[in-house]
Amino acid sequence: MKVHVIYAHPLTDSFNAALHELAVRSLKQAGHEVDDLDLYRENFNPVLSAEDREIYHDPAINQKHVANYVRRLQTAEALVLCHPVWNFGWPAILKGYFDRVFLPDVSFKLIDGVLSPGFSNIRRISTITTYGSPRHRAFILGDPPRKNGTRFLRAVMNRRVKVDYLALYNMNNTTLAARDRFMGRVRDTMLSY
Ligand SMILES: Cc1cc2nc3c(=O)[nH]c(=O)nc-3n(C[C@H](O)[C@H](O)[C@H](O)COP(=O)(O)O)c2cc1C
(Lines give C-alpha, C1' and ligand atoms only; values in the text may rest on other atoms or scores of the structure.)
Protein backbone atom coordinates (compact mmCIF):
# COMPACT_ATOMS: atom_id res chain seq x y z
CA MET A 1 0.00 0.00 0.00
CA LYS A 2 1.22 3.54 -0.69
CA VAL A 3 0.95 5.54 2.53
CA HIS A 4 1.28 9.32 2.61
CA VAL A 5 2.54 10.47 6.02
CA ILE A 6 2.13 14.16 6.90
CA TYR A 7 4.07 15.32 9.91
CA ALA A 8 4.00 18.70 11.68
CA HIS A 9 6.34 19.46 14.60
CA PRO A 10 9.26 21.90 14.61
CA LEU A 11 11.56 20.03 17.04
CA THR A 12 13.56 16.96 16.08
CA ASP A 13 13.84 15.85 19.73
CA SER A 14 10.10 16.11 20.57
CA PHE A 15 7.81 13.23 21.51
CA ASN A 16 5.97 13.83 18.23
CA ALA A 17 9.28 13.40 16.37
CA ALA A 18 9.66 10.00 18.05
CA LEU A 19 6.05 9.08 17.09
CA HIS A 20 6.68 10.14 13.51
CA GLU A 21 9.87 8.10 13.29
CA LEU A 22 8.09 5.08 14.79
CA ALA A 23 5.13 5.36 12.40
CA VAL A 24 7.33 5.56 9.29
CA ARG A 25 9.57 2.71 10.49
CA SER A 26 6.60 0.46 11.33
CA LEU A 27 4.84 1.12 8.01
CA LYS A 28 8.04 0.27 6.12
CA GLN A 29 8.51 -2.83 8.27
CA ALA A 30 5.00 -3.94 7.25
CA GLY A 31 6.10 -3.65 3.61
CA HIS A 32 4.39 -0.40 2.64
CA GLU A 33 5.71 2.35 0.40
CA VAL A 34 5.90 5.53 2.49
CA ASP A 35 5.75 9.02 1.03
CA ASP A 36 6.80 11.09 4.03
CA LEU A 37 6.00 14.82 4.09
CA ASP A 38 7.69 16.72 6.94
CA LEU A 39 6.01 20.13 6.64
CA TYR A 40 8.57 22.01 8.77
CA ARG A 41 11.58 20.39 7.13
CA GLU A 42 10.16 21.16 3.66
CA ASN A 43 9.51 24.74 4.77
CA PHE A 44 5.90 24.45 3.64
CA ASN A 45 4.29 27.87 3.25
CA PRO A 46 0.90 27.59 5.00
CA VAL A 47 -0.37 31.05 4.06
CA LEU A 48 -3.21 31.19 1.58
CA SER A 49 -2.16 34.27 -0.41
CA ALA A 50 -4.41 36.78 -2.15
CA GLU A 51 -3.65 35.03 -5.45
CA ASP A 52 -4.40 31.58 -3.96
CA ARG A 53 -7.77 32.92 -2.81
CA GLU A 54 -8.48 34.51 -6.20
CA ILE A 55 -7.98 31.19 -8.03
CA TYR A 56 -9.41 28.93 -5.26
CA HIS A 57 -12.72 28.24 -7.04
CA ASP A 58 -11.27 27.77 -10.51
CA PRO A 59 -10.32 24.09 -10.96
CA ALA A 60 -8.49 24.88 -14.20
CA ILE A 61 -5.80 26.81 -12.30
CA ASN A 62 -6.34 26.40 -8.53
CA GLN A 63 -3.60 23.75 -8.14
CA LYS A 64 -0.96 25.92 -9.74
CA HIS A 65 1.14 26.51 -6.58
CA VAL A 66 0.49 23.15 -4.90
CA ALA A 67 0.26 20.64 -7.77
CA ASN A 68 2.99 18.43 -6.33
CA TYR A 69 1.20 18.17 -2.94
CA VAL A 70 -2.09 17.37 -4.70
CA ARG A 71 -0.42 14.65 -6.76
CA ARG A 72 1.06 13.09 -3.62
CA LEU A 73 -2.43 12.83 -2.10
CA GLN A 74 -4.03 11.58 -5.30
CA THR A 75 -1.54 8.73 -5.62
CA ALA A 76 -1.85 7.61 -1.96
CA GLU A 77 -3.97 4.72 -0.73
CA ALA A 78 -3.72 5.72 2.91
CA LEU A 79 -2.98 8.86 4.92
CA VAL A 80 -1.27 9.15 8.32
CA LEU A 81 -1.14 12.50 10.14
CA CYS A 82 1.25 13.04 13.04
CA HIS A 83 1.06 16.31 15.00
CA PRO A 84 0.57 17.81 18.47
CA VAL A 85 -2.66 19.61 19.39
CA TRP A 86 -2.17 23.35 19.58
CA ASN A 87 -5.00 25.63 20.68
CA PHE A 88 -7.39 22.72 20.24
CA GLY A 89 -6.60 22.42 16.59
CA TRP A 90 -3.98 21.50 14.04
CA PRO A 91 -0.65 23.38 14.23
CA ALA A 92 -0.85 26.37 11.85
CA ILE A 93 1.47 24.77 9.30
CA LEU A 94 -0.88 21.76 9.01
CA LYS A 95 -4.05 23.86 9.00
CA GLY A 96 -2.49 25.94 6.19
CA TYR A 97 -1.65 22.74 4.30
CA PHE A 98 -5.35 21.84 4.30
CA ASP A 99 -6.36 25.39 3.34
CA ARG A 100 -4.01 25.39 0.35
CA VAL A 101 -4.12 21.76 -0.84
CA PHE A 102 -7.70 20.63 -0.10
CA LEU A 103 -9.15 22.52 -3.06
CA PRO A 104 -12.40 22.41 -4.99
CA ASP A 105 -12.20 19.57 -7.53
CA VAL A 106 -9.37 18.07 -5.48
CA SER A 107 -10.65 17.12 -2.02
CA PHE A 108 -14.30 17.49 -3.02
CA LYS A 109 -16.27 17.67 -6.25
CA LEU A 110 -19.32 19.86 -6.61
CA ILE A 111 -21.41 18.70 -9.56
CA ASP A 112 -24.89 20.21 -10.07
CA GLY A 113 -24.93 21.30 -6.45
CA VAL A 114 -24.12 17.78 -5.18
CA LEU A 115 -20.98 17.38 -3.09
CA SER A 116 -18.88 14.21 -3.37
CA PRO A 117 -15.51 13.19 -1.92
CA GLY A 118 -12.39 13.89 -3.96
CA PHE A 119 -9.99 11.35 -2.46
CA SER A 120 -11.80 8.09 -3.22
CA ASN A 121 -8.28 6.62 -3.63
CA ILE A 122 -7.71 6.90 0.16
CA ARG A 123 -9.12 3.91 2.07
CA ARG A 124 -7.47 4.31 5.44
CA ILE A 125 -6.56 7.32 7.61
CA SER A 126 -4.86 7.49 10.98
CA THR A 127 -4.17 10.51 13.12
CA ILE A 128 -1.38 10.19 15.69
CA THR A 129 -1.57 13.09 18.10
CA THR A 130 -0.86 14.36 21.62
CA TYR A 131 -2.67 16.80 23.91
CA GLY A 132 -1.43 18.66 26.97
CA SER A 133 -4.85 18.52 28.58
CA PRO A 134 -6.73 15.51 29.90
CA ARG A 135 -9.44 13.99 27.74
CA HIS A 136 -12.37 15.30 29.82
CA ARG A 137 -11.24 18.92 29.29
CA ALA A 138 -10.97 18.36 25.54
CA PHE A 139 -14.40 16.68 25.62
CA ILE A 140 -16.00 19.71 27.32
CA LEU A 141 -14.67 21.86 24.47
CA GLY A 142 -16.05 19.45 21.86
CA ASP A 143 -12.54 18.14 21.01
CA PRO A 144 -12.31 19.90 17.61
CA PRO A 145 -9.06 18.16 16.52
CA ARG A 146 -10.70 14.75 17.05
CA LYS A 147 -13.67 15.79 14.92
CA ASN A 148 -11.40 17.16 12.20
CA GLY A 149 -9.24 14.02 12.21
CA THR A 150 -12.26 11.74 12.00
CA ARG A 151 -15.48 13.29 10.65
CA PHE A 152 -14.04 16.04 8.46
CA LEU A 153 -11.35 13.88 6.86
CA ARG A 154 -13.74 10.93 6.46
CA ALA A 155 -16.08 13.14 4.42
CA VAL A 156 -13.53 13.70 1.64
CA MET A 157 -12.09 10.15 1.43
CA ASN A 158 -13.32 6.84 0.02
CA ARG A 159 -16.82 6.11 1.35
CA ARG A 160 -15.54 2.95 3.06
CA VAL A 161 -12.47 4.58 4.61
CA LYS A 162 -11.26 3.11 7.90
CA VAL A 163 -10.39 5.84 10.40
CA ASP A 164 -8.14 5.57 13.48
CA TYR A 165 -7.64 8.41 15.94
CA LEU A 166 -4.69 7.63 18.18
CA ALA A 167 -4.47 10.32 20.84
CA LEU A 168 -2.36 10.58 23.96
CA TYR A 169 -4.06 13.06 26.30
CA ASN A 170 -2.69 14.67 29.43
CA MET A 171 0.89 15.10 28.25
CA ASN A 172 1.28 17.77 30.96
CA ASN A 173 1.14 14.94 33.52
CA THR A 174 2.36 12.02 31.48
CA THR A 175 4.44 9.09 32.68
CA LEU A 176 7.03 7.02 30.87
CA ALA A 177 4.70 4.01 31.12
CA ALA A 178 1.80 5.91 29.49
CA ARG A 179 4.06 7.09 26.66
CA ASP A 180 5.39 3.55 26.15
CA ARG A 181 1.84 2.15 26.01
CA PHE A 182 0.86 4.78 23.48
CA MET A 183 3.90 4.04 21.32
CA GLY A 184 2.90 0.37 21.40
CA ARG A 185 -0.58 1.34 20.13
CA VAL A 186 0.91 3.43 17.35
CA ARG A 187 3.31 0.66 16.32
CA ASP A 188 0.55 -2.00 16.32
CA THR A 189 -1.79 0.19 14.28
CA MET A 190 0.88 0.96 11.68
CA LEU A 191 1.83 -2.73 11.49
CA SER A 192 -1.87 -3.56 10.90
CA TYR A 193 -1.95 -1.53 7.66
C1 LIG B 1 1.50 26.58 20.97
C2 LIG B 1 0.96 25.48 21.83
C3 LIG B 1 -0.42 25.39 22.02
C4 LIG B 1 -0.96 24.35 22.76
N5 LIG B 1 -2.31 24.26 22.88
C6 LIG B 1 -2.85 23.17 23.47
C7 LIG B 1 -4.25 23.01 23.52
O8 LIG B 1 -5.02 23.84 23.07
N9 LIG B 1 -4.75 21.88 24.09
C10 LIG B 1 -3.94 20.93 24.61
O11 LIG B 1 -4.45 19.91 25.07
N12 LIG B 1 -2.60 21.06 24.60
C13 LIG B 1 -2.03 22.15 24.04
N14 LIG B 1 -0.67 22.30 23.99
C15 LIG B 1 0.16 21.25 24.58
C16 LIG B 1 0.67 20.30 23.49
O17 LIG B 1 -0.38 19.59 22.89
C18 LIG B 1 1.68 19.34 24.08
O19 LIG B 1 2.75 20.10 24.59
C20 LIG B 1 2.21 18.41 23.03
O21 LIG B 1 1.18 17.56 22.63
C22 LIG B 1 3.37 17.62 23.55
O23 LIG B 1 4.02 16.99 22.46
P24 LIG B 1 5.52 17.36 22.06
O25 LIG B 1 6.35 17.10 23.29
O26 LIG B 1 5.86 16.40 20.95
O27 LIG B 1 5.54 18.80 21.65
C28 LIG B 1 -0.10 23.38 23.33
C29 LIG B 1 1.29 23.49 23.16
C30 LIG B 1 1.81 24.52 22.43
C31 LIG B 1 3.31 24.62 22.24
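Student: What lies 2.7 Å from a polar side-chain atom of H9?
Tutor: In this predicted model, that side-chain atom of H9 has an oxygen atom of the ligand 2.7 Å away, where a polar contact is a pair of N or O atoms within 3.5 Å. Local features here need pLDDT of at least 70 and side-chain atom pairs count only at pLDDT 80 or more, while totals for chains, interfaces and linings use all residues. Residues are numbered from 1 along each chain as its sequence is written, and side-chain values use heavy atoms, with hydrogens and water left out.

Student: And which backbone atoms are 2.7 Å or 2.8 Å from a ligand oxygen?
Tutor: A polar backbone atom of V85 is 2.7 Å from an oxygen atom of the ligand, and a polar backbone atom of F88 is 2.8 Å from one.

Student: How much of the ligand's accessible area does the protein cover?
Tutor: The protein covers 67% of the 640 Å² that the ligand has on its own, with areas taken from the Shrake-Rupley method and a 1.4 Å probe.

Student: Switching topic, is strand 1 mostly covered or uncovered?
Tutor: Strand 1, residues 2–7, is mostly covered, with 6 of its 6 residues buried, meaning under 20% relative accessible area (1.4 Å probe, protein chains only); strands are DSSP runs of E, at least two residues, numbered from the N terminus.

Notes: A polar contact is a pair of N or O atoms within 3.5 Å; within protein, one must be able to donate a hydrogen and the other to accept it, and residues adjacent in sequence count only if both atoms are side-chain atoms. Buried means under 20% relative accessible area, exposed over 50%, partly exposed in between (1.4 Å probe, protein chains only). Helices (H or I, at least four residues) and strands (E, at least two) are DSSP runs, numbered from the N terminus.
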